[in-house]
Every structure is written in structure tokens, then in C-alpha cells.
Amino acid sequence: VFSMDGDIVDLPALVALGKKYHLLTMIDEAHATGVIGKTGHGTVEHFGNTVRPDILMGTLSKALGAEGGYACASKVIIEYLKNKARSFIFATSQTPATLAAALRATEVLEEEPQRAQMLQHNVKFFLNALHAEGVEAYSPTAIIPIIIGDEKSALQVADELLANGVLAPAIRYPTVAKGTARLRVALMATHTEAELSQTAKLIGTAIRKYKK
Ligand SMILES: *Cc1c(COP(=O)(O)O)cnc(C)c1O
């Protein structure tokens, strides 16, 4: 899941390219773990568990709410990483407390897949609410970019939202291409429909006021 547009890599196509050209494929699940896939298992599950990359790495610091990360791959690759990965050499390991939190979070994800499903519901609900406000937006994940274009307008919209209790930061060049300054909305499973409708209204109003 790309962190600024919230779109999803075409994993079957990526893996096919890797096979064709004898390349290893790797995906970063930072914004996919706990978010996409029927039970929140991420990109591989999103594509029906039909293909997998050679290396799947992710973080425990986003949906799982802890700290640290992981890499899944063949034994050979994992042995190689243990011996060569820069971040593994001379670094102190994570604390037991953060690991315990991460471990429990993965268990909660298994026990309560409805949390990921709630989030997926909220994405659809919020996009519909934005469209009803005449605001163009599209995303299959919890990261929803709303393109404003010009930097100053994006900042004005973000400031007005913040003054109304909504944190939707303005993302500008060089994080995104020039002329595509945007609001970056990140949804949670625990947002209520009332909060989402209200936020869509505030965004519509601020955009009508400031967008050039
Ligand atoms: C947050 C993030 C990471 C890694 O996060 P850590 O803070 O190192 O746990 C990796 N990739 C992407 C795309 C991210 O957004």
C-alpha cells in the first residue's frame, strides 16, 4: 500500500515480472497489515492468497500499535539478513514490553477480524460521504488523499480543519509531486459514521472556500 496515495500494488503482476526477469520481489506492508485483506492480513490476502512475494516486510508500529518490524522470506534469505542486515548488527534488540504488545496485537487481529472489516467499511462510508459533498477522492485503503493542487490552499484547508478538531495534514512537495499538494486523511476502525459524515462536510466546506 503506497503511503501517499493509499493505492495497492498489483501484486500478481509484480510477482509475474519478478519470475520473468529472475528478480526477487519485496513488498512493504506498513499500511497493509491489519488494514486490507478479508481478515486484515494484508496484500497477499487482498489478492486471495494466490501469489506471494519473495520477501514480505512490515512494521509493528502502524495498525498493530507497537514498535519494530518483521521480514518474512525463505530460510536462506532470513539467514542472510541476520548476518548482513545493517540494522541487525550492533543494535540493541527491542524491549520485551513492545514485543509483547506486538504479539498480543497480532492475536487480537486473529481473534477480532471485524476490526479490519470495520475499517474497510469506514473507508467506503467516508468516500461516499465525500462524494455527496462533491469532493473527489478515491482509495481502496485507510489512507485517503484529497488532491487540492496548490500548496497554500492545501495548508489553508488543513488549518481550517484542525481548528474544527479534524487532523488531516497537508502533504506537499517534495513528499509528493509539485502541484499535487493534498490532504492526507487516515481513517481508524473506531471512527463513527457520525464523525465521518461531519468530517466530510467540513472538508467540503473548506475546499469550496479555499481551493483555487
Ligand atoms: C512507517 C513505515 C515504515 C516503517 O516504520 P517504522 O517506524 O520503522 O516502524 C516502513 N514503510 C512505510 C511505507 C511506512 O509508512
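**Exercise 1.** Work out what share of the contacts with a separation of 6 or more comes from residues 24 or more positions apart.

*Solution.* Start with the term: a contact means heavy atoms within 4.5 Å. Next, take the contacts in the protein chain with a separation of 6 or more. Residues 24 or more positions apart account for 62% of them.

A quick note on the model: it's predicted, so local features need pLDDT of at least 70, side-chain atom pairs count only at pLDDT 80 or more, and totals for chains, interfaces and linings use all residues. Residues are numbered from 1 along each chain as its sequence is written, and side-chain values use heavy atoms, with hydrogens and water left out.

**Exercise 2.** Find how much of the protein chain is buried.

*Solution.* Buried means under 20% relative accessible area (1.4 Å probe, protein chains only). The chain has 212 residues, and 39% of these count as buried.

**Exercise 3.** List the secondary structure and describe the sheet with the order β1-β2-β3.

*Solution.* Helices (H or I, at least four residues) and strands (E, at least two) are DSSP runs, numbered from the N terminus. Here you get seven helices and six strands, in the pattern α-β-α-β-β-α-α-α-β-α-β-β-α.

Now the sheet. Two strands pair if DSSP finds at least two bridges between them. This sheet is open, has three strands and shows mixed pairing. Its edge strands, β1 (26-28) and β3 (69-72), each pair on one side only.

Last, zoom in on β1. Three bridges join β1 to β2 (residues 55-59), and the two run parallel. Across this pair, Ile27 stands opposite Leu56 in β2.

Definitions and conventions. Buried means under 20% relative accessible area, exposed over 50%, partly exposed in between (1.4 Å probe, protein chains only).
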